[in-house]
Amino acid sequence: MDKFVLYLIGSFFVIGAIDYITGNHLKLGGKFEEGIKTMGALGLAMIGILSLAPIFTNFLSAMIIPICEVFHLDPSIVPAAFLAVDMGGYQVANELALTKEMGPFSGIIIASTLGATISFSIPVALGMLSKEDETYFSKGVLVGIITIPIGCLAAGLWQKMNINILVWNLVPIFVFAIFLGVGLLKAPHVFIKVFNVFGKLIMSLSTIGLLLQGIDVIFGVRLVSGLAPLSESTVIVGKIAFVLGGAYPMLALINRIFKNSFKEIGEKFGINSASVAGILGSLASNLLVFGTFKEMNPKGKVVCTAFGVSGAFVFGGQFGFVSGVAPEMLGAFIISKLTAGIISIVLAAWLYDREHKEFSLKENGGISNGYQG
C-alpha cells in the first residue's frame, strides 16, 4: 500500500510535468506548478521549526520523561499531541520515544492528527473564519477530535503494535481530545484565545529558527549551538513539494471524473457542492475548507470541519513529509487519516441532523402549546 500510493502520485507528477511543458492541455500542468510553488511557503513555515527540533528535545526531555515514567507512558506522545508531524512533532517524538515502535507511531500518527490540529488547523482557521462561523467550527472540531483516537488505534493495529502498550498510551490522548472538544463547545472564547496564542508562539519560534539559520548561512555566525543542519530541513521541504506536484494533479483529475457522483453523495448527506469540494480539497489541505467556508451550508460547515481536523492532508504536505522521513509508515498514516475522517463525516452529519430534529420538535411543540393555550 505504501509504495502503491507513492508510485501513483509519482505517476501524476510525471504527467503533470509533461503537461506543464507542453502547454497545460490536460489542465494538469497548472496543478503541477501549484504544487511545486508551495516550496516557498513550506520553507517559511517549516525550516525554522525543524531547525529548532533538537533544542526542543533537550528542553522537553528533562521535564516530560520523569512524569511519564510514573504513569508508565511513552514520553513521545506529549510533543506529538501539540506539534504537527511536519512542524517538529516527528523529530521530537522520535528522540523522546522509549521504544522503536512508539517513536514513529507518536511522531507520525498522533502528530499528523492531534498535533496538527493544535499547532496548525485551529489557530490558522480561527484567523480565516468570521465570528458567525465559529459555532459551526467548534462543533466540527469536537466531532473531528473525538474520532482521532479511533484513527490512531486503527493505525496501531495496522502496524501490529502490542495492543496493551497501544491502548494505554492512547488513553491520555483520548482524554485530552475530549477535554479540548468539550472546552471548545462550552467555553469557545477562552479556548480560542489559547489556541491563537499557541499558534502565534509556534510561528514565532519557526521564524526565530529561520533567522538563526539565515545568519549562519549569510554571515557564517552560529548564534545558537544545537541547531539541526539546514540541509535536513530543505531536503524535507523539497520532497514535500515534489509530492504535492503529483498530488494536486491527481486530486484535480479525480474531482473532474467523479464530480457528478460526489454531488449526488453530497445531496444524500445534506451538504452543498461547496462542502463536497471542501472535503475533497482537505485531502490535500484543510486550508481549502476554511477559505471557502462562507460558501458552505451550515451542515456542510460542521461536516467539513470535522473531516478537516481528522482526515486532512492525507495526500498533501503531510503525505509528502512522511514519504520523505519514514515511507514504511505511509500505510498506517493513510489508514489513520481515512478511518478517522470517514467516521467524522458520518458522525458529524448524524449529530447535526439529530440536533436539528430536536430543535424542530421543540419549535413545533412550543407553537402547538401556544395555540392550545
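Is lysine 31 buried, exposed or partly exposed, and what is its relative accessibility? In this predicted model, where local features need pLDDT of at least 70, side-chain atom pairs count only at pLDDT 80 or more, while totals for chains, interfaces and linings use all residues. Residues are numbered from 1 along each chain as its sequence is written, and side-chain values use heavy atoms, with hydrogens and water left out.

Lysine 31 has a relative accessibility of 32% and therefore counts as partly exposed, a class lying between buried (under 20% relative accessible area) and exposed (over 50%), as computed with a 1.4 Å probe on protein chains only. Lysine 31 forms a salt bridge with glutamate 34, their closest N and O atoms being 3.5 Å apart, where a salt bridge is a side-chain nitrogen of Lys or Arg within 4 Å of a carboxyl oxygen of Asp or Glu. Both residues belong to helix 2 (residues 29–36) and are separated by three residues, about one turn of the helix; helices are DSSP runs of H or I with at least four residues, numbered from the N terminus. Glutamate 34, at 37% relative accessibility, is likewise partly exposed.

By this rule the model contains seven salt bridges, including one between lysine 37 and glutamate 33, with the closest N and O atoms 2.9 Å apart. Lysine 37 is exposed at a relative accessible area of 60%, whereas glutamate 33 is partly exposed at 26%. In another pair, lysine 139 and glutamate 355 meet at 3.0 Å, N to O, and this bridge links distant parts of the chain, 216 residues apart, from helix 8 (residues 134–158) to helix 17 (residues 330–372).

Conventions: Helices (H or I, at least four residues) and strands (E, at least two) are DSSP runs, numbered from the N terminus.
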